[in-house]
Amino acid sequence: MPGIMLTVSGEPDQTLTNRLAEEISALTCRVLKKERSRTAVFIRYFPRTQWFIAGQSLADMGRNAFRLEVTITDETNTKTEKADYHRAAFALLAEIIGDLHPHSNVHIIDCRASAYGYGGLTQEEHRFRSMASAPCFE
């Protein structure tokens, strides 16, 4: 059940927002093996004049940037899967947004199953309930 928060430099653009939501959701589900029906995506824009890297605004540098935060349940992905996601997400967003500052970043947030969830239940409770309802084979 990933929660995706993508912050992009610049002014809001609905066409871009729709594309980003679709493509980052698809990438997350494919590379991190998550279910699309449980994926939430939030996209926000932040002015280049107010986004600073190394003491200089993106506007002054003539660059773009992003910050991608993906919240997942701890221990549901390997280090290799997460490294693959970092590379693929940066490449995807570089293609879509263009002229990226190299310090645009991806942050995968691993949350304990007992501290993260949806529908009023933790991931741990969802897993327990799904296991309890699974048929037993003897």
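Helices (H or I, at least four residues) and strands (E, at least two) are taken here as DSSP runs, numbered from the N terminus. The model is predicted, so that local features need pLDDT of at least 70 and side-chain atom pairs count only at pLDDT 80 or more, while totals for chains, interfaces and linings use all residues. Residues are numbered from 1 along each chain as its sequence is written, and side-chain values use heavy atoms, with hydrogens and water left out.

On these terms the protein holds 4 helices and 8 strands, which follow one another along the sequence as β-α-β-β-β-α-β-α-β-β-β-α. The C-alpha trace spans about 65 × 30 × 25 Å along its principal axes.

Helix α1 (residues 14-31) and helix α3 (residues 79-97) have axes that come within 10 Å and cross at roughly 160°, where axes are lines fitted to C-alpha atoms, for helices over the stretch in contact, and angles run from 0 to 180 degrees between N-to-C directions. The two helices are therefore roughly antiparallel to each other, a term kept for angles over 145 degrees. In their contact (heavy atoms within 4.5 Å), residues of α1 including Leu16, Leu20, Ile24 and Leu27 meet residues of α3, among them Tyr85, Ala88, Leu92 and Ile96. By class this contact has 12 nonpolar, 1 polar and 5 charged residues, with Ala, Val, Leu, Ile, Met, Phe, Trp, Tyr, Cys and Pro counted as nonpolar, Asp, Glu, Lys and Arg as charged, and the others, Gly among them, as polar.

Helix α4 (residues 123-132) leads on to the largest pocket, to whose lining α4 gives the most, with 5 residues. By class, that lining has 4 nonpolar, 6 polar and 7 charged residues.

Notes. Angles under 35 degrees count as roughly parallel, over 145 as roughly antiparallel, 65 to 115 as roughly perpendicular and the rest as oblique.
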